[in-house]
Amino acid sequence: SASMKSLRLTWLYFEELDAKPECWSVILQAAKKRTVVLMYGAKDNEHNQAVALKTYLGAKNQTAGRFVS
């Protein structure tokens, strides 16, 4: 189903992020000081990399800051 495919892609994206903390740690640190805007070009407002990254960073540090996607 489409939701299972989306979940699998999100999981794969999270695995990529786990392997490269240097790519997202700067964003997490910035969010502790100010609002960070995560932009995306997908047509789907609910299933895109910005939403996935927001979820991932929130899980890494629940008090990380504010994200807008």
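These legends walk you through a few close-up views of a predicted model. Residues are numbered from 1 along each chain as its sequence is written, and side-chain values use heavy atoms, without hydrogens and water. Local features need pLDDT of at least 70 and side-chain atom pairs pLDDT 80 or more, while totals for chains, interfaces and linings use all residues.

**View 1. The aromatic cluster of Phe14, Trp24 and Tyr56.** Rings of Phe, Tyr and Trp (its six-membered ring) pair if their centres lie within 6.5 Å; planes under 30 degrees apart are stacked, over 60 edge-to-face, and the rest tilted. By this rule there are 2 aromatic pairs.

View 2. Phe14 sits in helix α1 and Tyr56 in helix α3, 42 residues apart; helices are DSSP runs (H or I, at least four residues) numbered from the N terminus. Both residues are buried, that is, under 20% relative accessible area with a 1.4 Å probe and protein chains only (over 50% is exposed, in between partly exposed).

**View 3. Trp24 and Tyr56, two buried residues.** Here the ring centres lie 5.4 Å apart and the planes meet at 80°, so this pair is edge-to-face. Trp24 belongs to helix α2 (residues 21-31), and 32 residues separate it from Tyr56 in helix α3.

**View 4. Ser6 in helix α1.** Ser6 is partly exposed, with a relative accessible area of 21%. Look for His47 too: it is 41 residues from Ser6 in sequence, yet their C-alpha atoms are 7.3 Å apart in space.

Definitions and conventions. Helix = DSSP H or I, 4+ residues; strand = E, 2+ residues; numbered from the N terminus.
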